[in-house]
Amino acid sequence: ILGGMVNKEDSHQVTDTARVYDGSDWSSCKLGTKRAFFCAVKLQESLIVNLGGLGRDQNVLRTVSLRKCKGRHYLPTIKVRDIPDIPSPISGHGCTILPDSYDIIVAGGSRNQRDNSRMDSYVYSWENNSWNRTASMSTARFGHKLVTVGQNVFAIGGKQRNLDVYLDSIEVFDKEKREWSNFSHSLKKPRAHFGLALIPRSGFPGCN
């Protein structure tokens, strides 16, 4: 569990604490930067990249941090590096790993407290250690989720922030063409600021 808001003295404050559950008990570590409305991607079981978000004093961040809370000794380790800032301050965005790589795609969100939802997308190249702008999503989204499923990257739900319109639409990113397109299915109900966990198909009866 990474960052977010905690309630202290009847007010919400951004935190830099993280909680790790090892199957029997919880332990804690630090993100290094206070972040809420940010996104995080897992590069390995022990390595997390935290991107952007709302920071101290309500400032929107463009910083990126690569953190390691606990390791698994049987995994080959990735060398920890300094990742450059995202080209634009951003919060309420989505992010995920591109298929078969350590490259990261970031899409949507907003640039400040008064900004509307954005369609902008950026891709971080692990090989070049640099960010590049890529095609924008078809719909501006805030509080949505990006998830990689096999060879597909999906942008799910969210909202148009200033209009307060919640979305049920889904977009898919073509890794080769570097383009977004509308997906044929949608959510049963529009939603934003939701939790998401990718469950292997084998976790459902009848799926292999």
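Modeller: The largest cavity has a volume of about 40 Å³, where a cavity is a set of points on a 1 Å grid over the protein atoms alone at which a 1.4 Å probe fits but cannot get out, and volume is the space filled by probe spheres set on the points. This is a predicted model, with local features needing pLDDT of at least 70 and side-chain atom pairs 80 or more, while totals for chains, interfaces and linings use all residues. Residues are numbered from 1 along each chain, and side-chain values use heavy atoms, without hydrogens or water.

The lining of that cavity (residues with an atom within 4 Å of a point) includes Ser 88, Arg 111, Asp 120 and Tyr 122. In the whole structure, 2 cavities reach 30 Å³ or more.

Now for the packed residues. The largest nonpolar core has 20 residues; such a core joins buried Ala, Val, Leu, Ile, Met, Phe, Trp, Tyr and Cys through side-chain atoms within 4.5 Å, buried being under 20% relative accessible area with a 1.4 Å probe, protein chains only. Leu 43, Val 49, Leu 51, Ile 104 and Trp 131 have the most contacts inside this core. Strands (DSSP E runs of at least two residues) β5, β6 and β7 are among those supplying at least two core residues each.

These three also form an open antiparallel sheet, in the order β5-β6-β7; strands pair if DSSP finds at least two bridges between them. β6 and β7 share 7 bridges, and Leu 51 stands opposite Val 64 in β7.

Definitions and conventions
Helices (H or I, at least four residues) and strands (E, at least two) are DSSP runs, numbered from the N terminus. Buried means under 20% relative accessible area, exposed over 50%, partly exposed in between (1.4 Å probe, protein chains only). On a 1 Å grid over the protein atoms alone, a cavity is a set of points where a 1.4 Å probe fits but cannot get out, and a pocket is an open set with protein on both sides within 12 Å along at least five of seven lines; lining residues have an atom within 4 Å of a point.
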